[in-house]
Amino acid sequence: MAYETIFNIYNIGILIFWLLLLFFPRSKATQKITNYPWIPLVIAFGYIFFLSTSGGAFSADFSSLSGLTEIFQNANPRGVAAGWLHYLAFDFWVGCWMLKDSQKKGIRHIFIILPMLFTFMLGPTGILIYTLILLFHNKLIQN
């Protein structure tokens with residue numbers, strides 16, 4: 001199986017699980033994937049595969065901006081795929097946490113769709129938006 005095919009399976013497959021979080025937040029399937037990090041664990045296998053076949057990732061200098069710049073400038077497709085899967089795994093984990101946390105706090109699902117979409121597309125920006133929603137929600141509860 002070609003590297004591109006493996007990458008596409010992960011890249012397209014994650015969309016199914018994000019759709020579950022966004023549109024079926026209380027379904028049994030969604031609850032199963034949010035109660036344990038099944039999806040990030042599966043992505044971790046792809047991450048390890050791409051990382052181990054990219055060559056040189058373990059000798060990279062992560063301690064400086066110039067070292068990181070060199071990593072990106074010299075990246076090959078497998079190294080880029082590993083980086084992308086890293087994002088997919090952690091962003092999805094954060095999306096699962098947001099869903100569980102919002103349900104625990106009684107926040108209506110409609111209000112977390114935007115931060116979840118931003119988490120999916122822009123990672124930390126979604127966390128910022130969710131934090132603002134939490135602050136607004138807490139202020140409403142106190143009044």
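Residues are numbered from 1 along each chain as its sequence is written, and side-chain values use heavy atoms, with hydrogens and water left out. In this predicted model, local features need pLDDT of at least 70 and side-chain atom pairs count only at pLDDT 80 or more, while totals for chains, interfaces and linings use all residues.

**Exercise 1. Aromatic pairs**

Find how many aromatic pairs the whole structure holds, and describe the pair of Y36 and W38 and the pair of F49 and F50.

Solution. Begin with the rule: rings of Phe, Tyr and Trp (for Trp, its six-membered ring) pair if their centres lie within 6.5 Å, and planes under 30 degrees apart count as stacked, over 60 as edge-to-face and the rest as tilted. A search of the whole structure with this rule gives ten aromatic pairs. One of them joins Y36 and W38, whose centres are 4.6 Å apart and whose planes stand at 50°, so that the pair is tilted. Another joins F49 and F50, with 5.2 Å from centre to centre and 65° between the planes, which makes the pair edge-to-face.

Next, consider accessibility, where buried means under 20% relative accessible area, exposed over 50%, and partly exposed in between (1.4 Å probe, protein chains only). Y36 is partly exposed because its relative accessibility is 43%, and W38 is partly exposed because its value is 48%. In the other pair, F49 is partly exposed at 31%, whereas F50 is buried at 1%.

**Exercise 2. The salt bridge**

Identify the residues that form the salt bridge, and state where they lie.

Solution. As a general point, side chains of opposite charge can pair when their charged atoms come close. The term salt bridge is used for a side-chain nitrogen of Lys or Arg within 4 Å of a carboxyl oxygen of Asp or Glu. The structure holds one salt bridge, and K105 forms a salt bridge with D101, where the closest N and O atoms are 3.0 Å apart. Both K105 and D101 belong to helix α5 (residues 77-105), in which they are four residues apart, about one turn of the helix; helices here are DSSP runs (H or I, at least four residues), numbered from the N terminus. K105 counts as partly exposed because its relative accessibility is 36%, while D101 is buried because its relative accessible area is 7%.

**Exercise 3. The surroundings of F92**

Decide whether F92 is buried or exposed, and list the residues that are in contact with F92.

Solution. F92 lies in helix α5, and F92 is buried because its relative accessible area is 0%. Contact means heavy atoms within 4.5 Å, and, with neighbours within four places in sequence left aside, F92 is in contact with I14, F17, W18, L21, I33, I39 and P40. Ring pairs also link F92 with F17, W18 and F120 into a cluster. Finally, F92 and P37 are 55 residues apart in sequence and 9.1 Å apart in space, taken from C-alpha to C-alpha.

**Exercise 4. A buried threonine**

Which helix holds T34, and which residues does T34 touch?

Solution. T34 is found in helix α2 (residues 28-35), and T34 counts as buried because its relative accessible area is 6%. Not counting residues up to four places away in sequence, T34 touches L21, C96, L99 and K100.

Conventions:
Helices (H or I, at least four residues) and strands (E, at least two) are DSSP runs, numbered from the N terminus.
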